Amino acid sequence: AARCVDLLQEGGGEARVPALRVIGNLAAGDDALSDALLSLPALLPTLGAFLAEEQHRALRKESAWTLGNLCAGTPAHREAVVSSGIPAALLHVLQTAHFDIRREAAYAFFHLVHDPAVAPRLLTREVASEFVGLLRAPDPQLVEAAVQVVAQVLAQMPGGARLIEELDGIDALERLTFSDGVAPSVAQYAAGLVDRYYGEDAPPYD
């Protein structure tokens with residue numbers, strides 16, 4: 001693992017992508033492997049730097065994928081990622097990158113915001129806006145993740161219900177309830193969110 005991180009820093013473009021893929025695969029394995037990776041001080045700053053390399057799509061995509069795998073690990077792994085400042089770079093990717101790279105960044109955020117220890121620091125208007133947009137994505141798995149992130153915004157953000165309404169999220173959720181492109185469970189979940197936060201019996205919000 002240490003050698004792969006060295007290659008990320010020292011190797012050329014032809015060496016960095018395969019090295020990054022090895023790291024991503026390690027991060028997808030046992031939590032102890034991610035522990036070992038995160039013990040290498042250069043790893044997270046290097047991944048953050050690669051996210052900013054807009055001219056290198058492969059590096060950005062593999063970096064976002066690797067971060068998604070790390071964020072799917074333990075609370076300590078997620079805290080390490082958040083403390084490194086990487087979520088700001090992931091948000092920039094969500095806002096600006098090609099769809100295939102945005103998809104990987106979205107999954108990293110999905111794993112982060114399901115951790116109650118870090119979610120309050122990450123759920124912002126900008127993040128909510130991106131995930132409301134992803135409710136209309138042409139990717140059923142990504143839509144399912146986006147619905148769950150929107151649910152976290154509604155449940156955890158002060159003023160979350162009004163924010164989602166302002167972002168046209170009610171319409172996006174309602175469209176899912178009639179969509180043939182998502183699983184019935186996702187459609188039912190979206191309908192439940194609309195009923196819970198915007199239905200006749202929903203509590204008023206400021």
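How many salt bridges does the structure hold? The structure, a predicted model, holds 13 salt bridges. Mean pLDDT for the protein is 93, with 98% of residues at 70 or more. Among the elements, the lowest mean pLDDT, 79, belongs to helix H1 (residues 2-10), and the highest, 98, to helix H10 (residues 125-134).

One of the salt bridges joins the side chains of aspartate 139 and arginine 103, with an N to O distance of 2.5 Å. Aspartate 139 is located in the loop between H10 and helix H11 (140-156), whereas arginine 103 belongs to helix H8; the pair therefore ties together parts 36 residues apart in sequence. Aspartate 139 has a relative accessible area of 12% and is buried.

A salt bridge is also formed between glutamate 166 and arginine 125, whose closest N and O atoms are 3.1 Å apart. Because glutamate 166 lies in helix H12 (residues 160-166) and arginine 125 in helix H10, this pair ties together parts that are 41 residues apart in sequence. Glutamate 166 is partly exposed, at 48% relative accessibility, and arginine 125 is partly exposed at 42%.

Arginine 136 pairs with aspartate 171 in a salt bridge, the closest N and O atoms being separated by 3.4 Å. Arginine 136 is placed in the loop between H10 and H11, and aspartate 171 in helix H13 (residues 169-177), so that parts 35 residues apart in sequence are tied together by the pair. The relative accessible area is 41% for arginine 136, which is partly exposed, and 27% for aspartate 171, which is likewise partly exposed. Both residues belong to a network of salt bridges that links Arg136, Asp168, Asp171 and Arg175.

Helix H8 (residues 99-113) also contains arginine 102. This residue has a relative accessible area of 19% and counts as buried, because the cut-off for burial is under 20%. Leaving aside residues up to four places away in sequence, arginine 102 touches Val93, Leu94, Ala97, Glu130 and Leu134.

Alanine 52 occupies the loop between helix H4 (43-51) and helix H5 (57-71). Its relative accessibility is 53%, so alanine 52 counts as exposed. The C-alpha atom of alanine 52 is separated by 28 Å from that of leucine 163, a residue 111 positions away along the chain.

Definitions and conventions. Residues are numbered from 1 along each chain as its sequence is written. This is a predicted model: local features need pLDDT of at least 70, side-chain atom pairs count only at pLDDT 80 or more; totals for chains, interfaces and linings use all residues. Side-chain values use heavy atoms; hydrogens and water are left out. Helices (H or I, at least four residues) and strands (E, at least two) are DSSP runs, numbered from the N terminus. Buried means under 20% relative accessible area, exposed over 50%, partly exposed in between (1.4 Å probe, protein chains only). pLDDT is the predictor's confidence in each residue, from 0 to 100. Contact means heavy atoms within 4.5 Å. A salt bridge is a side-chain nitrogen of Lys or Arg within 4 Å of a carboxyl oxygen of Asp or Glu.
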